[in-house]
Every structure is written in structure tokens, then in C-alpha cells.
Amino acid sequence: MWGEMTVDLSEIIAADKRYYMNTFGERMPVAFDHGEGCVLYDKNSKAYIDFVAGIAVNALGYAHPALIDAVTEQAKKLIHCSSLYYIESQAKLAQILAENTCGDRVFFGNSGAEANEGAIKLARKYFYNQGQERYEIITAKASFHGRTLATLAATGQDKYHKPFEPMPAGFINIPFNDLEAVESAISPTTAAIMVEPVQGEGGVFVADNGYMKGLRKLCDENDLLLIFDEIQTGLGRTGKFFAYEHYGIEPDIFTSAKALGGGIPLGAVMAKEQVAAAFEPGDHGSTFGGGPLACAAGMAVVQTILDEQLSDYAAQTGQYFFDCLKQLQAEYGFITDVRGKGLMLGMELDQSINGKDIVKAAFCNGFLINCAGHNTLRFIPPLIITKNEIDMLIEMLDNILKAYL
Ligand SMILES: Cc1ncc(COP(=O)(O)O)c(C=O)c1O
């Protein structure tokens with residue numbers, strides 16, 4: 001066991017090991033108590049500077065007054081009511097998103113996977129309405145689209161498929177950033193192409209400019225829908241409000257979740273008017289999706305990101321962070337790559353080092369980072385991270401990495 005253990009924690013770990021399904025394996029030996037800004041505190045008040053942010057969820061950091069106020073005020077008034085009735089925060093959040101993106105209409109669910117399910121259903125319904133038998137979705141290898149059966153089938157990683165076969169039909173996974181592979185995969189039954197602008201869980205791989213423009217062109221030429229999974233990349237993370245803006249093209253459908261509800265479960269599928277119109281009453285729904293509390297939180301998050309220009313801030317601090325990681329790469333030969341956009345960065349290590357050991361060492365030094373894809377350290381801090389906090393992380397990494405020379 002690494003890290004410090006308290007009696008308190010032993011009880012939590014014992015209950016977890018006895019009663020919780022073992023889907024997470026060995027967890028970090030900590031239970032956080034509270035947070036402030038970009039810092040989390042455990043029950044002994046030990047501080048950890050957070051470069052994980054609940055896996056790109058806590059964009060405003062912890063205890064942000066706008067989010068606390070919005071959630072507290074809404075909780076006092078009304079936590080849940082059915083979408084059988086009009087919901088003020090649902091309508092207003094849909095308006096803010098539509099007014100600030102290329103999407104015209106929104107549907108809210110409770111998670112990223114649900115948002116992607118909505119996107120897949122919408123694409124299929126769009127062609128069904130036209131009497132066309134087009135249902136297949138082309139997705140990329142090393143992608144990650146969620147844990148429901150359809151989104152697992154969309155996820156281009158065989159290890160997630162095998163234990164749960166048979167996978168739902170109608171998905172084809174082909175190499176990422178390979179336009180020719182997409183072109184050859186298109187068939188008369190293809191409905192859509194679905195990609196992440198930056199693959200997150202797969203190891204922080206950025207879609208090339210030519211690839212993304214090429215996807216748009218292929219969709220236009222073949223009357224297909226282009227779906228962007230912006231669950232991790234959206235809401236300022238990559239230095240733009242949504243990552244499609246980097247490429248000068250627009251998707252027909254795109255999804256958001258993670259940061260959207262500031263930690264209150266909330267996901268969204270957004271689409272152009274003509275595509276969104278394919279959903280008719282009864283086609284889709286959700287008991288909790290778009291509820292008053294989650295949407296009040298969503299309004300606070302989205303409005304704060306827009307008002308405080310956190311996308312631009314993420315672009316600037318992200319560039320600074322990227323340059324710092326590049327300097328580390330120049331010092332340490334075992335760092336094979338530094339990549340990413342904005343505050344979604346990855347530093348790949350060669351096989352001489354296990355990235356998980358670096359994650360553990362960082363943890364012991366009071367920093368939270370994680371490891372994604374092929375031995376890639378991933379940095380997805382709150383969008384309010386400061387240069388000073390980045391400097392502290394870099395200094396700590398420098399000290400840890402020295403031992404591996
Ligand atoms: C790009 C992407 N899509 C979908 C998901 C699934 O989101 P959720 O875990 O909220 O269902 C994730 C989660 O990591 C993701 O990164």
C-alpha cells in the first residue's frame with residue numbers, strides 16, 4: 001500500500017471492498033473531504049493539487065460561488081419535476097447552448113453515454129424518416145464513447161467489447177486520423193461518422209485538421225451525418241468553447257456532458273434544426289434528464305465559462321503548460337511525445353517506465369494526475385488552473401522523473 005492510511009480510511013476501504021462491485025480495481029488510497037479552487041483536501045486536511053478534475057468534470061474547480069449559489073437556490077425551490085411540464089432552467093440552458101454553438105436544438109440526459117445514445121438514435125431516426133435503410137455509424141479505433149451497449153459498440157477498443165458480446169449491430173471501428181479508411185468504410189447503409197476531436201481516454205490523440213475537414217467533405221458528398229463526441233473536449237477544455245471551432249467546420253450533431261453540470265449529472269445532445277426535427281414526440285426521453293437542479297447547475301457553469309472567457313484562458317494556460325511539458329521532454333529521453341489542445345494534454349512515456357508509477361509518486365507528493373491509453377500521463381485540470389500551480393506540478397514531475405534517468 002502506498003500513501004498514508006488513516007483509521008477512517010480503513011473503514012471506508014473495508015466497506016468498499018466488501019460491498020461495492022469491483023469495477024475500479026485498486027483505487028487511490030484517499031477519500032476526499034472537500035475542495036477549494038484547484039485543490040482537494042482529504043480527511044486529514046492533506047492538500048492535493050488536482051490535474052484530473054473528476055476526469056474533466058470540475059471545470060470551475062471546487063466550491064465555485066456561482067455553482068454553489070445556483071445549486072443551493074434551486075435545491076431550496078425544486079430539485080425534480082417531470083419533463084411533462086415546462087422547466088425554466090431546462091429551456092434557458094438549451095437557449096444559452098444554442099445561442100453559443102452551431103447547434104439549434106438540445107436534448108438533455110444524465111451522462112456522456114446517454115448523450116451519445118441520443119446522438120446515435122437521432123442519426124438513425126433521421127434516415128428512418130426519409131425511408132432510407134441507413135443505420136451504420138463509423139467510429140474510430142482507440143475512441144471512447146461510453147459504457148452502455150451501443151456506446152461500447154461505438155467505442156473502438158476490442159477489450160471493452162469481448163466480455164459483453166454480442167455487441168449491438170451497426171458500428172464499424174476504423175483507424176483514427178485515416179481519411180482513406182473512412183472512405184473505404186462508407187457503404188449504402190452508413191448513416192454517420194462519429195469521432196472525438198481529441199481522443200481522451202484513448203490517450204490524448206488530436207484529430208488532424210485535414211482529417212476533420214475531410215470528414216465533413218465526405219459527409220456532405222455522401223449525405224451522411226457528422227457527429228462529434230465533445231463530452232470531454234467541450235465547454236472550453238481545448239481552448240475553444242467547443243473543439244469543432246478549431247477546425248473551421250461544423251458537425252450535424254454533437255454531444256456534451258462531463259463539465260456541463262459542474263458535477264451534477266447532465267449530458268446533452270445538440271443538433272442542427274433539420275436533423276433535430278427527426279425526433280418526434282415519444283422517440284426519446286429521460287426521467288431525470290434536464291431536471292431543474294442539473295440545468296440550474298449547467299446554466300451557472302456555462303454562463304461562467306462564457307462570462308469569464310475561460311476558453312481563451314484555457315488556450316493561454318494550455319500553451320504555457322504544453323511548453324513546460326515540452327521542456328521536460330527535452331530533458332528526459334523516455335518522454336516520447338507531448339500532445340493535446342488547451343487544457344487537455346498528454347505526455348507519453350516509453351515502455352521503460354510504467355505511467356501508473358508516476359501517477360502514484362505524484363499522488364504521494366500531493367498532485368493528482370492520471371494515465372490514459374498507451375502509457376500517457378493525462379493532464380485535464382480545472383479550467384481555472386494557474387501558471388503557478390502548473391509550475392509546481394512541473395517541478396514535482398522533474399524531481400520524480402530524475403530517478404528514472
Ligand atoms: C469522449 C467521451 N465520450 C463519452 C464518455 C462517457 O461519458 P459518461 O461516463 O458520462 O457516460 C466519456 C467518458 O470518459 C468520454 O470521454
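This is a predicted model: local features need pLDDT of at least 70, side-chain atom pairs count only at pLDDT 80 or more; totals for chains, interfaces and linings use all residues.

Reader: How many bridges hold strand 1 and strand 2 together, and in which sense do they pair?

Author: Strand 1 (residues 32-36) and strand 2 (residues 39-42) are antiparallel partners, with four bridges between them. To see one on screen, find glycine 35, whose bridge partner in strand 2 is leucine 40.

Reader: And which residue takes a positive phi in the hairpin of strand 2 and strand 3?

Author: That's serine 45, with phi near 65°, in a hairpin that has four residues between the strands. Strand 2 and strand 3 also pair in the antiparallel sense, here over three bridges. Tyrosine 41 stands opposite alanine 47 of strand 3.

Reader: What should I make of backbone angles in general?

Author: Most residues other than glycine have a negative phi, and most peptide bonds are trans. Now for some cases that go the other way. Isoleucine 55 isn't a glycine, yet its phi is positive, about 55°. You'll find isoleucine 55 in helix 2, and it is partly exposed, with a relative accessible area of 29%. Alanine 142 also has a positive phi, near 65°. Alanine 142 sits in the loop between strand 5 (136-140) and helix 6 (149-154) and is partly exposed at 24% relative accessibility.

Reader: Which residues does a cis peptide bond join?

Author: Glutamate 165 and proline 166, with omega at about 5°. Proline 166 belongs to the loop between helix 7 (158-161) and strand 6 (171-174).

Reader: Let's move on to sheets. What is the strand order in the open sheet of four strands?

Author: A handy idea first: in a regular strand the side chains alternate between the two faces of the sheet. Here the order is 13-14-17-16, with antiparallel pairing. Strand 13 (335-341) and strand 16 (370-372) are the edges; each has a single partner strand, so one side of each has no neighbour in the sheet. On average, neighbouring strands are turned by 30° against each other, direction ignored.

Reader: What packs on that sheet?

Author: Helix 12 (residues 310-331) does, touching strand 13, strand 14 and strand 17 (376-379). The direction of helix 12 makes about 175° with that of strand 13. As for the strands themselves, strand 13 and strand 14 (residues 344-349) are joined in the antiparallel sense by six bridges, and glycine 340 stands opposite leucine 345 in strand 14.

Reader: How do I read pairs of aromatic rings, and how many are there in the whole structure?

Author: Look at the distance between ring centres and the angle between ring planes. The search finds 14 aromatic pairs. In one of them, phenylalanine 51 and phenylalanine 321 have ring centres 5.7 Å apart and planes at 70°, so the pair is edge-to-face, as that label needs an angle over 60 degrees. Phenylalanine 51 is in the loop between strand 3 (47-50) and helix 2 (53-56), while phenylalanine 321 is in helix 12, so the pair ties together parts 270 residues apart in sequence. Phenylalanine 51 is buried at 0% relative accessible area, and phenylalanine 321 is buried at 0% too.

Reader: Which residues do ring pairs link into a cluster?

Author: Phe241, Phe242, Tyr244 and Phe254. Rings can also sit under a charge. Arginine 339 lies over the face of phenylalanine 205, 4.0 Å from the ring centre. The charged end of lysine 387 sits over the ring of tyrosine 320, at 5.1 Å from its centre.

Methods
Residues are numbered from 1 along each chain as its sequence is written. Side-chain values use heavy atoms; hydrogens and water are left out. Two strands pair if DSSP finds at least two bridges between them. Helices (H or I, at least four residues) and strands (E, at least two) are DSSP runs, numbered from the N terminus. Axes are lines fitted to C-alpha atoms, for helices over the stretch in contact, and angles run from 0 to 180 degrees between N-to-C directions. Contact means heavy atoms within 4.5 Å. Rings of Phe, Tyr and Trp (its six-membered ring) pair if their centres lie within 6.5 Å; planes under 30 degrees apart count as stacked, over 60 as edge-to-face and the rest as tilted. Buried means under 20% relative accessible area, exposed over 50%, partly exposed in between (1.4 Å probe, protein chains only). A charge sits over a ring if NZ of Lys or CZ of Arg is within 6 Å of the ring centre and within 35 degrees of the ring normal.
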